[in-house]
Amino acid sequence: MCKVFAGQDPEGYRLVNRSIRIGGHSTSIQLEATFWKLLDEIAHGQGMTAPKFLSTLYDEALEINGHIPNFASMLRTTCALYLRDRQPLDSEPSEFTNKAA
């Protein structure tokens, strides 16, 4: 099982900085390339560019929660939620599933 994870392409976990405008201010966000790819996919699905999606997400989260202690972490969990919700509930066990269970 670990070979699937250990053998992944290092390009996927290469850190990438992107500059975006949030709340009228320019900022830089550093995430792994895989997360940027997922965020681009999520944004496209929402009919937005990634910068527009991130700005909208930030504004909405700020409105709901009052503050955002770690926006980069929020973006990573956004990707995790997106992937989790894409999984069919009755899918067949994958190679990641503990077969002994």
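The chain exposes about 7,500 Å², and carbon and sulfur atoms supply 55% of that area; accessible areas here come from the Shrake-Rupley method with a 1.4 Å probe, and for residues only the protein chains shown count as cover. The model is predicted, so to speak of local features requires pLDDT of at least 70, and side-chain atom pairs count only at pLDDT 80 or more, while totals for chains, interfaces and linings use all residues. Residues are numbered from 1 along each chain as its sequence is written, and side-chain values use heavy atoms, with hydrogens and water left out.

Of the 101 residues of the chain, 26% count as buried. Buried means under 20% relative accessible area, exposed means over 50%, and partly exposed lies in between (1.4 Å probe, protein chains only).

The secondary structure comes to four helices and two strands, in the order α-β-β-α-α-α from the N terminus on. Helices (H or I, at least four residues) and strands (E, at least two) are DSSP runs, numbered from the N terminus. Contact means heavy atoms within 4.5 Å. Among contacts between residues at least 6 apart in sequence, 38% join residues at least 24 apart.

Ile 22 lies in strand β1 (residues 15-22) and is buried, with a relative accessible area of 9%. Leaving aside neighbours within four places in sequence, Ile 22 is in contact with Thr 27, Ile 29, Tyr 58 and Phe 71. Ile 22 and Leu 54 are 32 residues apart in sequence, and their C-alpha atoms are 7.8 Å apart in space.

Two of the residues that Ile 22 contacts, Tyr 58 and Phe 71, also belong to the next topic. A pair of aromatic rings is described by the distance of the centres and the angle of the planes. Rings of Phe, Tyr and Trp (its six-membered ring) pair if their centres lie within 6.5 Å; planes under 30 degrees apart count as stacked, over 60 as edge-to-face and the rest as tilted. By this rule there is one aromatic pair. Tyr 58 and Phe 71 form that pair, edge-to-face, at 5.2 Å centre to centre and with 85 degrees between the planes. The pair links distant parts of the chain, with Tyr 58 in helix α3 (residues 50-65) and Phe 71 in helix α4 (residues 71-86), 13 residues apart. Tyr 58 is partly exposed at 22% relative accessible area, whereas Phe 71 is buried at 11%.

A search of the whole structure finds zero disulfides, a disulfide being a pair of cysteine sulfur atoms within 2.5 Å. Cys 2 counts as exposed at 55% relative accessibility, and Cys 79 is buried at 1%.
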